[in-house]
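Please look at the sequence and the model shown here. The paragraphs that follow go through the structure part by part.

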Amino acid sequence: MTTEIILHYRPYESDPTQLPKIAEKAIQDFPTRPLSRFIPWFPYDGSKFPVKPKRSPPVISGEAIEDVKQSLTSSEQAVKSQSYDCTVDLLEFQPSLKKQHLMQSYTLDGQTDSGNPDKQSGERRKRRSWSVSLPSSNCTGKILPLSKKLQDSLKALNVHSLYRARWTIGHTICDHQTLEDIWAKLNQIIRHNELPSCNATIQRHLGQIWVFCDIMYCEYVGNLLKRRLALTGKIHLFVHKYGVIFSM
């Protein structure tokens with residue numbers, strides 16, 4: 001019995017000393033190990049089935065069997081008519097293509113995108129919708145205890161100071177600035193870790209910026225936002241399940 005082998009190789013890898021070795025390895029038998037004898041986990045003497053089906057198996061009519069045979073025959077013919085050469089449309093297996101040209105075609109899109117870095121960075125800044133601060137202890141020494149008004153509100157709602165809360169910045173309080181301008185400034189502040197335990201997201205379809213922080217830092221964060229972003233109106237502190245619990 002002979003075995004037919006079709007070996008696909010790249011033009012720049014056509015080493016006549018290595019190709020026969022690759023072909024020999026391809027037809028070697030896979031290592032196998034003998035399976036251990038199956039021991040059932042229930043008493044079984046071999047005289048009857050231990051489990052009996054509740055319902056009888058379905059009866060397949062002769063017409064259904066013929067339909068299955070016809071579909072199998074047509075699918076086999078379609079497979080035989082198709083080429084099983086999996087390298088027909090792959091550039092790297094083309095005999096007239098060199099490795100250098102292949103690598104150039106792979107990197108062409110990357111070079112096109114990097115042609116205008118200023119435009120690319122601007123588009124990426126506009127698409128950015130989340131900003132997260134890194135853990136830092138630089139700001140904790142400047143943070144004062146919560147005001148009595150906020151403490152009373154937390155006590156009445158039974159909300160712990162480690163709960164997460166959200167400051168909402170609307171486009172109506174931006175004072176002749178666009179929401180994108182505010183978002184760019186906020187990214188700079190968060191990037192320099194000036195807001196403890198904060199992450200922010202811009203909701204462009206709502207015309208809002210959400211700044212999340214721990215309640216124990218919320219007044220420090222709110223005051224810094226109003227001062228550094230030059231916000232003119234009130235910002236509201238929202239807590240999940242409780243709604244707005246504080247404003248400044």
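The sulfur of Cys-213 lies 4.8 Å from the closest cysteine sulfur, that of Cys-198, which is too far for a bond. A disulfide is a pair of cysteine sulfur atoms within 2.5 Å. By this rule the number of disulfides is 0. Cys-213 has 0% relative accessibility and therefore counts as buried, and Cys-198, at 2%, counts as buried too. Buried means under 20% relative accessible area, exposed means over 50%, and partly exposed lies in between, all with a 1.4 Å probe and protein chains only.

This is a predicted model, in which local features need pLDDT of at least 70 and side-chain atom pairs count only at pLDDT 80 or more, while totals for chains, interfaces and linings use all residues. Residues are numbered from 1 along each chain as its sequence is written, and side-chain values use heavy atoms, with hydrogens and water left out.

Next comes the overall layout. The protein has 8 helices and 6 strands; helices (H or I, at least four residues) and strands (E, at least two) are DSSP runs, numbered from the N terminus. From the N terminus on, their order is α-α-α-α-α-β-α-β-α-β-β-α-β-β. Of the 248 residues in the protein, 26% are buried. A contact means heavy atoms within 4.5 Å. Among the contacts in the protein with a separation of 6 or more, 69% are between residues 24 or more positions apart.

Which residues touch the most other members of the largest nonpolar core? A nonpolar core is a set of buried Ala, Val, Leu, Ile, Met, Phe, Trp, Tyr and Cys residues joined through side-chain atoms within 4.5 Å. The largest such core has 38 residues, and Trp-167, Val-211 and Val-221 touch the most other members. Two or more residues of this core come from each of helix 6 (148–157), strand 2 (164–170), helix 7 (179–191), strand 3 (199–203), strand 4 (208–214), helix 8 (218–228), strand 5 (236–239) and strand 6 (243–247). Helix 7 gives the most, with 6 residues. In soluble globular proteins, nonpolar side chains tend to be buried together.

Helix 7 can be looked at in detail. The expected span of a helix is 1.5 Å times one less than its number of residues. For the 13 residues of helix 7 this comes to 18 Å, and its end C-alpha atoms are 18 Å apart, which agrees. Its buried residues are Leu-179, Ile-182, Trp-183, Leu-186, Asn-187, Ile-189 and Ile-190. Seen down the axis of helix 7, these buried residues fall within an arc of 160°, so they line one face of the helix. The arc is that of the directions from the helix axis to the C-beta atoms. The buried residues of helix 7 pack against strand 1 (130–132), strand 2, strand 3, strand 4 and helix 8. Just after helix 7, Asn-193 takes a positive phi of about 55°.

Strand 3 is one of the elements that helix 7 packs against. Is strand 3 mostly covered or mostly uncovered? It is mostly covered, with 5 of its 5 residues buried. In a regular strand the side chains alternate between the two faces of the sheet. In strand 3, Asn-199, Thr-201 and Gln-203 point one way, Ala-200 and Ile-202 point the other way, and all are buried.

Two strands pair if DSSP finds at least two bridges between them. Strand 1 and strand 3 run antiparallel and are joined by 3 bridges; Ser-131 has Ala-200 of strand 3 as its bridge partner. Strand 3 also pairs with strand 4 in the antiparallel sense, over 5 bridges. Here Thr-201 stands opposite Trp-210 in strand 4. Strand 3 and strand 4 form a hairpin with 4 residues between them, and Gly-207 in the turn has a positive phi of about 70°.

Positive phi values also occur in two loops. Asn-158 is found in the loop between helix 6 and strand 2 and has a positive phi of about 60° although it is not a glycine. At 65% relative accessibility, Asn-158 counts as exposed. Lys-241 lies in the loop between strand 5 and strand 6, and its phi is near 75°, again positive in a residue other than glycine. Lys-241 counts as exposed because its relative accessibility is 73%.
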